[in-house]
Structures are given as structure tokens and as C-alpha cells.
Amino acid sequence: MKKTIDDINVQGKRVLVRCDFNVPLDKETGAITDTTRIVESLPTIKKLINDGGRIILCSHLGKAKGEPDPKLSLRPVAEKLSELLGKEVKFADDDTVVGENAKRIASELNDGEVMLLQNTRYRAGEEACEDEFSQELASLAEVFVNDAFGTAHRAHASNVGVTKFLPNPVVGYLMEKEVKFLGDAVDNPVRPFVAILGGLKVKDKIKVIDNLLEKVDTLIIGGAMAYTFLKAKGYEVGQSVVDEEKIDFAKDMMAKAEAKGVKLLLPIDTVVAKEFAADAEHMTVESDNMPADYQGLDIGEKTVELFRSELVNAKTVIWNGPMGVFEFPEFAKGTLEIAKTLADIDATTIIGGGDSASAVNNLGFGDKMSHISTGGGASLEFLEGEELPALKVVENK
Ligand code: AMP
């Protein structure tokens, strides 16, 4: 267990808190379209307020490229946060992030008051993890708290660099919760333990597949990833997406699963389409016999039944990656059925961020899952089995 905000005394101290306020924005209006990440940060902020800390929040937002970008200002987040907390959140509107406003507001904070810095990615030193920016951030506070799981797989100035100058960092409640759910599932799962992987590319999930095969009882593979495995079995997959370079890897993983006694399930039927389009002509065929001029865009009904029959007995399930092109309603059925199944079963269900999290939330099953991770990339890297850089710098209790 990492040291948390329960292990320190922040009364009267200035506390720099790295949050994950990287919220989705409406492309036209710039409005926040999903406040989940802000809501998830509230328990930590409230605890620090109650304990009399002087709270300096920071975060990145979007892909600001090391320079100010008014479309990616954190001002709307400050406003939303203020509304959710029922308390003023002072916004330091400095393009340099740690500028004159930030320094003044930070020095004038009273116990229990809250401020937010501008988007840390306005500075090139953020992603480059430069000492200069790390030190500027650190100079604002006496204590550092990291509550941003979404960036924990990256060593940047605001989550790792800053700890060089503000030692003895601790994690917040969101980070603690993420690590507990993902960590318990991987290291100490109630069995049967089933992992479901989907999405686009095998190459992004190589280490995850390899590591999970050491841990799970059953590995279910759907989405475009499955076609590389089906092709490795010698099946005709038509125009489906295949990672040609990973066919040997897929063969190795199927052999590894067999050697370890892990059940590896692949789609037995597939919804194939004439083209990659929402209204494409489509039909369902057996997975070992896809027509040469069609491509697989979803799992079929028999596959849903096969996966469901395994999931109803599971006690721990981790899911990362959609079962098909869920952005097209006609090809979202497989993803929807898996989400429904997870909502119904009596198991610890963990959704590993990104697309599967939005699928589950958009379909209205969010509150039926045990845990929906706020970090897609971070949860995947967590499942690779190596400690994330931002966690490595925090001492254990
Ligand atoms: P990832 O980022 O690897 O989790 O992949 C998510 C993306 O995979 C989504 O945008 C899906 O539309 C896409 N995807 C899932 N299944 C398929 C498929 N059968 N063919 C093409 N794309 C797919």
C-alpha cells in the first residue's frame, strides 16, 4: 500500500495536488461533456479542505503542445469544480502556469481554500519532465499529493519531476482506489478470474496479454484484435484488420495459454461487412469462414452466448477494449451485450478506462460496475505488471 493523504497532516500547509482534470470537451462549444474525472477527484479535495490544507490543484488538459492554447484553458474546470464543491476555486490564469498570479494566490491562501493552476501542458517542460518546471511547481507548496491515475504511466514534471524537489509524496483517494481495484484483481483475484480484451491492435496489448496469461483462468479476446489470433489459427479472415507482424506472437500466446491451462476464447461467429461504414451491408458468418471481400466489425450472437456462459461463473472480471466498432450502432451489439452481462453478474467487475469505459457509461451501466478506471493507458500499463512511474516515486506504508 502506498502512503496516502490519511498518513499526513496538512493543517495550515500549502499542498500541491496533481489531479486528472483531462476532461472531454465539446469540439464546437468547448463545454465539458463528461465531468466524471472532476467528480472522482472530489473526495481527495474535500478531505484536504476539511483537514485545513491550503490547496493548489494542477492538471493537464488535452494535447496542448508545450505552449498556451486558449481552447485548452482549465478555467471551465475551475468553474465546474467550484460548483461541485459549493466553494470558490481561485483560478490562476498564467500562461506560464507558475506565474505572478499563481504565486500571489498561493501565498495568500487561507486554511481550507482552493486554487487551480493553468494547464500544465502549456509548458514544454511538463512532458519533458524538466527540472526547471518541476522546481517551479514544487516552490508553490510544502506537500505533494498525486491523485492523477490517468497520467500515472507517464513521468512528467507535475507527477514525477516535482517529487525531486518536494519529497515524501503521497497519493490521493482516487489513485488509492484505482491501485486497490486493479492491484487486487491482478495479484489476489477471487477466482474464476476472467479478462476480456478487445479494441484495435494486438501490438498495443502484447505485454498485457503475456502478463494476464500468468494470472487469469480465462482470457477472452474480441474486437479487431481477435482476427490476428484467428488468422494465426489458419482461418480466412477476409479484409478484417490483422496485425501481420503479430501473427507469430498470437501463436505463441495460444501455446502459452494451453501450457498454463488457461482457457482462451475467440469469436466463433463474426458480423462481417462489405466496407467500414455505419450503414455497410453486413451478415453474420462462422469465424473460420469469412468471405474474402468482407471485414469483421463485431462479434456474432453465438460468440456473445459463448462469452456470456463463461462470464456468469466469473468472480473477478477485467475488461479493456470494445468487442467491435461500437461507434457504429449496427456494430455495437457485441460490446453492448458484454456490458449488459457484466452489469448482471455477481462478480467484481473492473472496466479499464478508455473506450470500454465510455461504452459502459454511454450505455447506462456505469453504476453497475465495481470499478471504472479513469485511466485507459494507465490501466493497460498497470495490467502489464510493472509499477507505473508516478507510483514508483511514492513510498509504501
Ligand atoms: P483500442 O484503442 O485499441 O482500445 O481500440 C478501440 C477501437 O477499436 C475502437 O475505435 C473500435 O472501433 C475499434 N475496433 C474494435 N473492433 C474493430 C473491428 N472489428 N474492426 C475495426 N476496428 C475495430
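Student: How many helices and strands are there in the chain?

Tutor: There are 14 helices and 15 strands. Keep in mind that this is a predicted model.

Student: How much of the chain is buried?

Tutor: Buried residues make up 55% of the 397 residues. Now look at contacts between residues at least 6 apart in sequence. Of these, 73% join residues at least 24 apart.

Student: How do I read two packed helices?

Tutor: Two packed helices are described by the angle between their axes and the distance between the axes. Take helix 8, residues 225-232, and helix 9, residues 247-260. They pack at an angle of about 80 degrees, and their axes are 8 Å apart. That makes helix 8 roughly perpendicular to helix 9.

Student: Which residues of helix 8 and helix 9 meet?

Tutor: Helix 8 brings Thr228, Phe229, Lys231 and Ala232. Helix 9 brings Ile247, Ala250, Lys251, Met253 and Met254. Sort the residues of this contact and you get six nonpolar, one polar and two charged.

Student: Why is helix 13 largely enclosed by the rest of the structure?

Tutor: Count its buried residues. Helix 13 covers residues 376-383, and six of its eight residues are buried, so it is largely enclosed. The buried ones are Gly376, Ala378, Ser379, Leu380, Phe382 and Leu383.

Student: What do the buried residues of helix 13 pack against?

Tutor: Their partners are helix 6 (173-187), helix 7 (206-212), strand 13 (316-320), helix 12 (354-362) and helix 14 (389-392). Also look just after helix 13. There Gly385 takes a positive phi of about 95 degrees.

Student: How many disulfides are there?

Tutor: First, the idea. A disulfide is a covalent bond between the sulfur atoms of two cysteines. To count as one, the sulfur atoms must be within 2.5 Å. By this rule the count is zero.

Student: Where does His156 lie?

Tutor: His156 is in the loop between strand 5 (143-146) and strand 6 (170-171). With a relative accessible area of 6%, His156 is buried. Leave out residues up to four places away in sequence, and His156 touches Arg121, Glu126, Glu127, Cys129 and Gly161.

Student: Is Gly86 buried or exposed?

Tutor: Gly86 has a relative accessible area of 69%, so it is exposed. Gly86 sits in the loop between helix 2 (75-85) and strand 3 (89-91). Gly86 and Lys368 are 282 residues apart along the chain. Their C-alpha atoms are separated by 28 Å.

Technical notes. Residues are numbered from 1 along each chain as its sequence is written. This is a predicted model: local features need pLDDT of at least 70, side-chain atom pairs count only at pLDDT 80 or more; totals for chains, interfaces and linings use all residues. Side-chain values use heavy atoms; hydrogens and water are left out. Axes are lines fitted to C-alpha atoms, for helices over the stretch in contact, and angles run from 0 to 180 degrees between N-to-C directions. Helices (H or I, at least four residues) and strands (E, at least two) are DSSP runs, numbered from the N terminus. Angles under 35 degrees count as roughly parallel, over 145 as roughly antiparallel, 65 to 115 as roughly perpendicular and the rest as oblique. Contact means heavy atoms within 4.5 Å. Ala, Val, Leu, Ile, Met, Phe, Trp, Tyr, Cys and Pro count as nonpolar, Asp, Glu, Lys and Arg as charged, and the others, Gly among them, as polar. Buried means under 20% relative accessible area, exposed over 50%, partly exposed in between (1.4 Å probe, protein chains only).
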